[in-house]
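Subject: Structure handover

Hello,

Please find the structure below. My notes on it follow.

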Amino acid sequence: MKALVLEKKLELNLRDIDLPNKVGLNDVKIKMHTVGICGSDIHYYEHGKIGQWNVNAPMVLGHEGSGTIIEVGADEKNLKVGDRVCIEPQIVSKTTKEYKLGIYNYDQEVKFWATPPIHGCLTPEVIFPSDMVYKLPDNLSYSEGAMVEPLAVGMQGVTKAKIKPGQIGLVMGCGPIGLVTALAALAGGCAKVYIADILSEKLKMCDYYPDLIPVDLSKENLETKIMNETKGWGVDRFFECSGAVKAYEAIFTCCSPGAHVVLIGNNAEPVPMNWAVLFAKGLEFQTVHRYSHQYEPSIRLLERGKINVKPMITHTFKFEESVEAFIRAAEHRPTDVKLQIKIDE
Ligand SMILES: [Zn+2]
């Protein structure tokens, strides 16, 4: 089957490759419609690795997918042919302790799409366990369906933040994950959310969202702004979504006493921590690695219009243009938020 294959660092081909074609008893076969390009896909393309994961053999990219069911396994009772769905791209073992504890995202053996050596979904048809496949409501498009995956990351962070109604949030980084985290924080009860970035152009997205308050770090002092606007108290909930070491400094200058800090933008470098402030303010820390149990709530919020991801989809490519799409994505244009590829026109 034809697929977008990352042969090795900086070498992509749209070519035929052998992929599984047997539908198991509890599987469904999905005709892929839309696949979003994730920061991790671009990172594998540019660097051939992320942390412990190395691309040692050709790998199909893509893990943010939606499509239509075209075949169901003999034991499948819930989904049927013709259902429009999105796919949570991880295959988990039901026997692990992590699964039993509801934290299956920490299972080291999890098979996650487009994480070596597991093939992703930038291909016309995929087969997947039905329990990780979710029906899309009629009012959601395939493009929105493909946004559930990144949204689930923000939802995981916001769930861990234990927001109380009316609180003030601060998100560092106005990329796709920063935006979905900020929108999830609003849906989760924040009255307003500041979102900070060093690139002014990225903050233009806030024009679509009145409760997101942009902070342009190239022009404004974050601490001064936050402290002025919160009467010296600081923000109640802090989300690091930039992956930049420098962004961590804001934890110590902008958080209120008792604030919850959620680290989402993974950073491979050691980060200096001002432990004295952490102790004095009683800050609580949480980390996010992918997500568990976030697809259903994410879909519900999209369905009810409580989160709108449509403005974030800034460009769509055809399947035949997949290589060009990645070359474009690797340009990291600040005005490109989410690029998607439509496999099925
Ligand atoms: Zn992703």
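D83 is buried at 4% relative accessible area (buried is under 20%, exposed over 50%, partly exposed in between; 1.4 Å probe, protein chains only). Its side chain meets that of K80 in a salt bridge, 3.1 Å from N to O (a side-chain nitrogen of Lys or Arg within 4 Å of a carboxyl oxygen of Asp or Glu). K80 is partly exposed at 48%.

This is a predicted model: local features need pLDDT of at least 70, side-chain atom pairs count only at pLDDT 80 or more, and totals for chains, interfaces and linings use all residues. Residues are numbered from 1 along each chain as its sequence is written, and side-chain values use heavy atoms, with hydrogens and water left out.

The structure holds 15 salt bridges. One of them joins E7 and R15 at 2.7 Å, N to O; E7 is buried at 16% relative accessibility, while R15 is partly exposed at 26%. K29, E71 and E125 are linked in a salt-bridge network.

The zinc ion is coordinated by C38 (SG), H63 (NE2), E64 (OE) and E149 (OE) at 2.2 to 2.5 Å (donors are N, O and S atoms within 2.8 Å of the metal, or 3.2 Å for Na, K and Ca; water is not among the atoms, so sites may look incomplete). Along the chain, the donors follow the spacing C-x24-H-E-x84-E.

E64 is buried, with a relative accessible area of 1%. E64 also forms a salt bridge with K338, the closest N and O atoms being 3.0 Å apart. K338 is buried as well, at 2% relative accessibility.

Regards
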